[in-house]
Amino acid sequence: MASNKQSDLPEDTPEYIVDRRHGRETVLGLIYESESKSKDLLELEKDMPVQLDGYAKKLFDALISEISSVDSLIEGASHKWDLDRMPLVDLAILRIGVLELKQFMSIPSAVIVSEAVELATKYSTEASSPFINGVLAGICESIRPDDPVN
């Protein structure tokens with residue numbers, strides 16, 4: 001199958017899946033920028049030259065209101081890893097994955113975890129993918145017990 005270079009997805013991938021992938025990557029960059037510059041997400045949004053739209057806007061808006069509960073879930077599931085010790089890319093990916101598990105119930109857990117692992121493979125280290133997979137699978141067991149990640 002030919003690949004869509006912009007999203008690394010096959011050319012015949014439905015548009016809503018391409019939009020989600022692009023949205024996740026956009027929000028990943030924004031979270032990374034926020035953390036690396038010690039800048040609040042709301043402040044960052046005000047300074048953006050272009051406004052978010054589509055799935056990125058949905059994710060970003062939900063994250064702003066849910067960041068504390070998302071971070072609490074990550075801290076509880078990432079045994080012995082303080083958030084401030086995690087690589088910023090991994091933290092951003094986990095935040096997106098946990099947010100989706102909490103707020104976007106129409107997306108199956110396995111898809112959310114798979115997409116997070118894909119992001120880790122693309123943007124982080126070799127050790128990140130299994131770590132992210134394990135943390136998200138553990139969180140999934142607690143907040144989506146009827147939709148396990150297998």
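Biologist: Is the crossing of α1 and α5 left-handed or right-handed?

Modeller: In this predicted model, the crossing of α1 and α5 is right-handed.

Biologist: At what angle do helix α1 and helix α5 pack?

Modeller: Helix α1 covers residues 15–36 and helix α5 covers residues 109–123; they pack at about 55°, and their axes are 11 Å apart.

Biologist: Which residues meet where α1 touches α5?

Modeller: From α1 come Arg-21, Arg-24, Glu-25 and Leu-28, and they meet Glu-115, Glu-118, Leu-119, Lys-122 and Tyr-123 of α5. Sorted by type, this contact has 6 charged residues, 3 nonpolar and no polar ones.

Biologist: Now for the inside. How should I think about a nonpolar core?

Modeller: Here is the general idea: in soluble globular proteins, nonpolar side chains tend to be buried together. In this structure, the largest nonpolar core has 40 residues, and Val-27, Ile-74, Ile-93 and Leu-136 have the most contacts inside it. The elements giving two or more residues to this core are α1, α2, α3, α4, α5 and α6.

Biologist: What is Ile-74 in contact with, leaving aside its neighbours within four places in sequence?

Modeller: Its partners are Leu-83, Met-86, Leu-91, Leu-94, Arg-95, Val-98 and Ile-139.

Biologist: Let's follow Val-98. Is Val-98 buried or exposed?

Modeller: Val-98, which lies in helix α4, has a relative accessible area of 0%, so it is buried. Beyond its neighbours within four places in sequence, Val-98 is in contact with Val-70, Leu-73, Ile-74, Leu-136 and Ile-139.

Methods: Residues numbered from 1 in each chain as written. Predicted model: local features only at pLDDT ≥ 70, side-chain atom pairs only at ≥ 80, totals over all residues. Heavy atoms only, no water. Axes fitted to C-alpha atoms, helices over the stretch in contact; angles between N-to-C directions. Helix = DSSP H or I, 4+ residues; strand = E, 2+ residues; numbered from the N terminus. Left-handed = near helix turned anticlockwise from the far one by under 90°. Contact = heavy atoms within 4.5 Å. Nonpolar A, V, L, I, M, F, W, Y, C, P; charged D, E, K, R; others polar. Core = buried A, V, L, I, M, F, W, Y, C linked by side-chain atoms within 4.5 Å. Buried < 20%, exposed > 50% of the residue type's maximum accessible area, 1.4 Å probe, protein only.
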